[in-house]
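Please look at the sequence and the structure below before reading on.

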Amino acid sequence: MVEYILGNYLVETDRMSREQLQGVIAKLDEVRVKMGLLAVAEGIMTVEQAEEVNRYQATVDKRFGDIAVERGYLSEEQIGNLLKKQGNAYLAFAQELVNQEILQMQDLEEVMNGFQQKNGFTKSDMEDLKSDEPERIVPLFLPPEALCFQDITGVLVRTLIRCVDRHVYIGKAVLQDSVSVEDAVFQKVVGFSQPVEGLKELEIGLEDADGGLSVIASSFCREENLDKEDTMDAAGEFLNCVNGLYASALSRKGIDSELLPPVIFTTASVIQEMKVCSIPVFAGGKKAVFVICGR
């Protein structure tokens, strides 16, 4: 998630092109974060120290960590901790930006500060973003009044990552009293044995916005070139999977619920008299909208 969230910010601020972002994303799966960048990002080495070790490493057959320990920049314990963190998605993204000379190491802090200010995030929020963990990122993009929907949104995002696109990400959610939907599939979760976050039932849906529903449907059923009817059916199956996982989680908490069959909307329909949260979802470069209605 974090690679596209930050990558789009870099594109919007003219730090990189859309084509460069796609090139970086394409490389991420094979990127391993270098120890120097990781140590600087963790604040336990300076840029100057890391560059000094890198220059020396080019002349000797020694690992970065061994040299840093010899020079007193890092301890053995710190090296062990850094090795555990080398798979971090944010750092992999940052490393590839440096590898492709889109940004210099010293530019990263400036970029992150700008992103933080634009979004009104706290330092703790930024750490949640860098974790690339859906359960920590989702609340950052929900209004405070919509945090009652963070659990179901987290289930959606994790399911998309597993079944559709590992680089899926979300945008800022909008809270409304009603919403008009078209080319969408919805499913009700009803019969709560006790209120969930003050809600007695949910109506949860996915609406197409820019081809995103087709991406989700095709990836989930592993078939390409679906017609509209098959796309909506597959999207309904995916939504049923998401809501089923959510209902199972509620059951483990002692809360019973019932899933009604998915309903397809192919013409404009208005959902009202409910708390409605609309969350942009991007998969395969295309947009859909995750709509959660609660009453």
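Asp128 is part of helix α9, which spans residues 123-131; helices here are DSSP runs of H or I of at least four residues, strands are runs of E of at least two, and both are numbered from the N terminus. The model is a predicted one: local features need pLDDT of at least 70, side-chain atom pairs count only at pLDDT 80 or more, and totals for chains, interfaces and linings use all residues. Residues are numbered from 1 along each chain as its sequence is written, and side-chain values use heavy atoms, with hydrogens and water left out.

**Asp128 and its surroundings**

- Asp128 is buried, at a relative accessible area of 17% (buried means under 20%, exposed over 50%, and partly exposed in between, with a 1.4 Å probe and protein chains only).
- Leaving aside residues up to four places away in sequence, Asp128 touches Arg136, Ile137 and Leu140, where contact means heavy atoms within 4.5 Å.
- A network of salt bridges links Asp128 with Glu133 and Arg136.

**Salt bridges in the whole structure**

- Side chains of opposite charge can pair when their charged atoms come close.
- Eleven salt bridges turn up in a search of the whole structure, each being a side-chain nitrogen of Lys or Arg within 4 Å of a carboxyl oxygen of Asp or Glu.

**Glu110 and Arg15**

- Glu110 and Arg15 form a salt bridge, and their closest N and O atoms are 2.7 Å apart.
- Glu110 sits in helix α8 (residues 108-119) and Arg15 in the loop between α1 (2-12) and α2 (18-28), so this pair ties together parts 95 residues apart in sequence.
- Glu110 is partly exposed, with a relative accessible area of 46%, and Arg15 is also partly exposed, at 28%.

**Arg158 and Glu135**

- A salt bridge joins the side chains of Arg158 and Glu135, at 3.6 Å from N to O.
- Arg158 belongs to helix α11 (residues 150-163) and Glu135 to helix α10 (residues 134-137), and the pair links distant parts of the chain, 23 residues apart.
- Arg158 counts as partly exposed at 30% relative accessibility, and Glu135 is partly exposed at 46%.

**Arg295 and Glu201**

- The side chains of Arg295 and Glu201 meet in a salt bridge, at 3.1 Å from N to O.
- Arg295 is in the segment after β10 (286-294), while Glu201 is in the loop between β4 (184-190) and β5 (202-208); the pair links distant parts of the chain, 94 residues apart.
- Arg295 is partly exposed, with a relative accessible area of 39%, whereas Glu201 is buried, at 18%.
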